[in-house]
Amino acid sequence: MGLFGGFLEKFKQGLAKTKEVFTAPLKKIFSVFRKLDEATLAEIEEALIIADFGVDATDKIMNALRVAYKKGEIETTDKVLEFLKKDLKKRLVEKGNDVLWAPQPPTVILVCGVNGVGKTTSISKLANQLKKEGKKVMLCASDTFRAAAVEQLSEWARRLDVEIIKHKMGADPAAVVYDATDAAIARKADALIIDTAGRLQTKENLMKELTKIRNVAAKKIPGAPHEVLLVLDATTGQNAISQAEHFKAATNVTGIFLAKLDGTAKGGIVVAIKDKLDIPVKFVGTGETPDDVARFNAEEFVDALFEE
Ligand code: GDP
């Protein structure tokens, strides 16, 4: 169990659909004691593909399984479950699942993502979670292109009782950041979470906008932004991966907040993300309320996938 363990139930909640469509049929195969044969291997492979582990990660997992089978390490179906658990944990393990904290507060967390992925909700979850961990959190409404975005974020700030810095709609997003960093220093905040515009832009525009925001933040607070979280919608499957590639090309993304895991049976996307992007998933959204969030932890995630 990692430093931030204790999210097993949240992961189970988030993986409920995946467990129905992926884990349950697999367990049925494994519960019938028989020699592992090509037909069974094909069924396992199909389950991985259906759950959106992605072609590459599926190939890697299947190859490892075949090697173990040939070596005689696994001969029967009842041994596959333990093998898969171990293999997936190994595949998902990474040192960097924790938020990258600044050596001195405030830590600046920049949040980006395309409209509709669940960005605003995820920011509220992040604020709520950090607050529960005893941190003083402030929000910065830099998605000034949509009045609704500022209003929605303000409503969350009110409900969670955290301070928000905002300007009028259409204001310069970097100017809001300028004020918010000042406020975060003055009020001794531990974390400043910055919302950014989520229009699907060209890489150049996106880069320009994010770079401007980053520069303003860095001038006020050394090393800011310390964390750049990209929100992805788990229900969009492989599409989420291409969105991530778009953002990765525009700025240095340091972590992923995977929203709406509960809304999909394709929970294998977590493995596909690790395999394809090598950006750590740091948070997972497991429902619509601010409490529906888990700090990512490979051990608990895989246990939740296979445990009752
Ligand atoms: P934004 O446009 O990216 O800011 O998206 P919103 O935060 O407004 O979210 C869009 C919709 O997704 C809303 O209906 C949210 O309640 C919903 N949503 C966000 N995160 C999650 C999640 O983890 N699980 C579920 N089931 N719904 C979510």
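Reply: Contact means heavy atoms within 4.5 Å. Helices are DSSP runs of H or I, at least four residues, numbered from the N terminus. This is a predicted model: local features need pLDDT of at least 70, side-chain atom pairs 80 or more, and totals for chains, interfaces and linings use all residues. Residues are numbered from 1 along each chain, and side-chain values use heavy atoms, without hydrogens or water.

Me: Which residues of H5 and H12 meet?

Reply: Leu81, Leu84, Lys85, Leu88, Lys89 and Leu92 in H5 touch Ala298, Glu299, Phe301, Val302, Asp303, Leu305 and Phe306 in H12. By class, that contact of H5 with H12 has nine nonpolar, no polar and four charged residues. Ala, Val, Leu, Ile, Met, Phe, Trp, Tyr, Cys and Pro count as nonpolar, Asp, Glu, Lys and Arg as charged, the others as polar.

Me: Why is H5 called roughly antiparallel to H12?

Reply: The axes of H5 (residues 80-92) and H12 (residues 298-306), lines fitted to C-alpha atoms over the stretch in contact, cross at roughly 150°. Angles run from 0 to 180 degrees between N-to-C directions. Over 145 degrees counts as roughly antiparallel; under 35 is roughly parallel, 65 to 115 roughly perpendicular, the rest oblique. So H5 is roughly antiparallel to H12.

Key:
Helices (H or I, at least four residues) and strands (E, at least two) are DSSP runs, numbered from the N terminus.
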